[in-house]
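Please open the structure in a viewer and display it as a cartoon.

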Amino acid sequence: MSRYVLALFLLTSLTLHAQSRQQLKVHISLGQNASKSSPFFVRVVPSQGLSVDKQNEWTGGAGDGHVASQTYTISYPTAVVTPIQDMHVIWSDLIAHSDADTVHRLAQDPAWRIDSRKVTFILNRDGTRGFSLTIDQLLQEKSFWIPSLDLYVSTGDDPVSFAQAQHQLRPYAGMRILDHVQQAPEASYDAFRLKWDDMGNPAYAHPEQEGPGHIIGLTWDSTLAKFGVDRGAGVWNDYGNPDQFRFWFGFANLAEGITPYWKSQTLENGLPIVTTVLERDGVRYEIEQFAYPLNGLSEQRRGDLPMVLMQRVRMTELSGNARVVPVAMVHERLLPAQDDPGITEEEQNGQLLLEESAHHSVLLAIKPEGGSAAWAGVQEHGQKEKRVDVTLSVSLPAGGTREFFLTLPSPAIPVNAREALGRLDYALARTKTIDFWSSYLAQGAQFHVPEQAVNDLFCANLWHALTLPRRHGDGQMDLPYSNFAYSQIGTPWPVNQAVYVDYMLYGLRGYSAIATEELQAIYHNNQEFNGRVNGFAHWMAYTPGMLYAVAQDYLLSNDRKSFEALLPDTLKALDWSLEQIREASSKPGAMQGLVAGPLNDITGSGYWAFNQAYLYAGVEMMGQALKRYGNPRADECLIVAQQYQAAIERAIDKASVQSPLVQLRDHTWIPYVPSDAAYPGRNMGEWYPSDVDTGATHLLRLQALPSQGTLAESLLNDQEDNLFLHGWGLANEPVYNQQATAYLFRDDVQATIRAFYSLMAGGFSHGQLEPVEHRWRWGQYFGPPSTDGAWFELYRNMLVREVDDHTLLLAQATPRAWLEDGEHITVKQAPTWFGDLSFEIQSAARSDNIKAMVHLEGRASGTTILLRLRHPAGKQIHRVTIDGHPWNDFNAQKEWIRIPNADRDSYSIIASY
């Protein structure tokens, strides 16, 4: 049975009392708040089985003090409406953890109380404006004030007047999340750290935890051998590594509970050097760990590098009593099949080497630094891995410190590589590791702001992505979603890799060559003969997502050679996408113009808004790229995209009209915009991400719908008030972050900053900055750099954003705290559609001036620079000079300084207050 047949069955299987019908008076008034008179149109359309006494269209004018009113009598069959019986568990969890008022709103929602008896109020002749209400809603709620439509509905013989309704609403005024955001102080990372539990703390527990839980992936650039470090400094092999191993410390064994002893786990300024701190039984333990190639640095990006995890344990005596402290360690490894793969030891240059006895490959090297080690092979019932337990006795002076070192290789080090192991020096390897990743960072764009956590996450973004791929010697490259989740072969989720990593991380940060190589790998791994790009669950968005990413990469880099390398496969993907749109435009019926297809991992085929958004954005963006390149197919793409955008807006408008109203936190009502145009209304029986994470708000993010207007208002307010856990501005899958870009398009700075910090605190662990998939209730995996991409695109666009073909918007949404007196914001060599950009903003707020230096290389002709300077105290700009000369093109209220047709490489701008 299809999803739609099942839905129809559920909707029509209400217990109807056919022997009796009821009547309900419904009163409509328009023009309650309008300051100007305007014409209106109303047609009331009952669903099958209902009737209405007035069939004619009602027209007239309302507003400017004139309220137009009409009363309808609806005849309907009685029915018993019961709560939903197949609610998806994430919806249930959302409601269970909501405040009482949100529970009430959602428990009265037609998605909870399913009622097929529906009345649709059409407000224009083509049926693209309006809303619906179920009989159950009309009977339960009695009155509905819809400010966005300036329309009021009430029911019954003695209806609630508009004045009475306004009085009842008064206690809830300003309760919408977005209204509160405008009135409250600006959001901060510290505030959201207090809201979102720290996933990197052992005290944090998730109900559907997968695998090792929170884990930090460590390796070199795209190597096959990888290490995962858990919250207790325990080590795990990644899911794609044939070398299977575990290592942990007895004093920090997560399985035994270390929460009382755990103090912190942090990175080295955002770089992949991890330090875990515990205090237990009067001893402070600091475990530092990082990955390093056994044979040192390589000049080439290679996947076959043998790797080692370098580990230093520093112990400090805290009780003031000298003593010998035993440190237990356990190592397990799956060794080559044989009857008894025993363990043996050997000493080399002051190190204890533990080897498998068959081939004498080194499994673990310990440099005890004066401690004495005892070890034994251990057998556990049913265990396939070979286990060795080590106890190192460390003599600690009173209040003193000792340290020892361990080297964990992957794969095990063969006899002929022993010399490389002997040459390893911990301090030198640490320095080279910092230099390696710092050098990688220096090759790309530089972003620096006066907030260390932001700067650290900016650094971590890059190595999160670079450590993801698995580069094979035959040229094959696997691009898994995470090194500790799902399949490790090929590219299971191309849209996450292409859009959220290759565009949002590599493209926006100036690593076009890496982006190009990975996009080529995706085509190689996933493209079918007909041009379609496939992947896990056959997402429709995979193919247009490739168009979008390839186009963005070229527009940002202006690298014709790289674009040409991708163009043959991209044109095949384009042909497939255009064919889908053309077929949809010729189909008859209500869904004419929309493309049907699968949405995501769990959700099947439908007319999903997410897919329409990507098809539009992919074709439109490719049209822009082909136009720059000089390909004659550019006009074809741009024309089809424009036509398709109109079809999307028309179809989504009509789907919204057919959807029941939903209530917000201020108890007003809004039209609902469904995630599937063929299923009007909210769908709590569907997987939550289908309605929310990959829902209709992506129409705004990808500009398939305008970011202003009734539908945009409805989408954003509904998500913030009803669909985000606790109203904290974050969906279950942080990677999608669908609302934040819409706020930038709307120039809603307060809401943008709030989304930025909520994503930062909710999508990443706080000390380790490890990205997560599924923030609450659903299976939780760590390590997807696509979450990094979502955060960085927002961060970058807050500082640098292309508004259209001619305008470059700078510092649009910087927190005011970033420009406190003496602070500065720096962006260097950031790729944009108009050339590489560098700028620095220096605040001397106490002296009432803020200075900016802007440098744009290779700019497109006619580029306008629009710079916003957000004074920390909110003061308005009084005077502006550019290069020492007075400048009048500024807007003090909006805090803009505008330089049209910028014809110089550099500008020195001073705003005085």
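The tour below moves from strands to sheets and then to pairs of helices. Please bear in mind throughout that this is a predicted model.

**Stop 1**

Select strand 4 (58–62) and strand 7 (130–134). They belong to an open sheet of 4 strands, whose order is 4-2-6-7 and whose pairing is antiparallel. Why is one side of strand 4 and of strand 7 left without a neighbour in the sheet? Both stand at the edges and have a single partner strand each, so one side of each has no neighbour there. Direction ignored, neighbouring strands of this sheet are turned by 25 degrees against each other on average.

Next, select strand 2 (residues 38–46) and strand 6 (residues 118–122), which run antiparallel and are joined by 4 bridges. One place to look is Val-45, whose bridge partner in strand 6 is Thr-120.

**Stop 1: a covered hairpin**

Select strand 8 (residues 143–146) together with strand 9; the two run antiparallel, with 4 bridges between them. Ile-146 stands opposite Leu-151 in strand 9. The hairpin has 4 residues between its strands, and Asp-150 takes a positive phi near 50 degrees.

Is strand 9 (residues 151–155) mostly covered or mostly uncovered? It is mostly covered, with 5 of its 5 residues buried. To see both faces, colour Leu-151, Val-153 and Thr-155, which lie on one side, and then Tyr-152 and Ser-154, which lie on the other. Both of these faces are covered.

**Stop 2: a second hairpin**

Move to strand 14 (residues 262–268) and strand 15 (residues 271–280), an antiparallel pair joined by 6 bridges. Within this pair, Thr-266 is opposite Thr-275 of strand 15. How many residues lie between the strands of this hairpin? There are 2, and Asn-269 takes a positive phi near 55 degrees.

**Stop 4**

Helix 22 (residues 785–799) has 15 residues and reaches 21 Å from its first C-alpha to its last, close to the 21 Å expected at 1.5 Å a residue. Helix 22 is mostly covered, since 15 of its 15 residues are buried.

**Stop 3: two crossing helices**

Select helix 9 (residues 426–442) and helix 10, whose axes come within 10 Å and cross at roughly 100 degrees. This angle makes helix 9 roughly perpendicular to helix 10. Trp-437, Tyr-440 and Leu-441 of helix 9 make the contact with Phe-458, Cys-459, Leu-462, Trp-463 and Leu-466 of helix 10. By type, the residues of this contact are 8 nonpolar, no polar and no charged.

Keep helix 10 (residues 452–466) selected and check its length: at 1.5 Å a residue its 15 residues should span 21 Å, and the 22 Å between its end C-alpha atoms agrees with this. Because 13 of the 15 residues are buried, helix 10 is largely enclosed by the rest of the structure.

**Stop 4: two helices side by side**

Finally, select helix 11 (residues 494–509) and helix 13 (residues 542–557), which pack at an angle of about 10 degrees with their axes 8 Å apart. Helix 11 is therefore roughly parallel to helix 13. To view the contact, show side chains including Val-495, Ala-498 and Tyr-503 in helix 11, and Met-546, Ala-549 and Leu-556 in helix 13. The residues of the contact of helix 11 with helix 13 divide into 11 nonpolar, 3 polar and 1 charged.

How values were computed. Residues numbered from 1 in each chain as written. Predicted model: local features only at pLDDT ≥ 70, side-chain atom pairs only at ≥ 80, totals over all residues. Heavy atoms only, no water. Expected span 1.5 Å × (residues − 1). Buried < 20%, exposed > 50% of the residue type's maximum accessible area, 1.4 Å probe, protein only. Pairing = 2+ DSSP bridges. Axes fitted to C-alpha atoms, helices over the stretch in contact; angles between N-to-C directions. Parallel < 35°, antiparallel > 145°, perpendicular 65-115°, else oblique. Contact = heavy atoms within 4.5 Å. Nonpolar A, V, L, I, M, F, W, Y, C, P; charged D, E, K, R; others polar.
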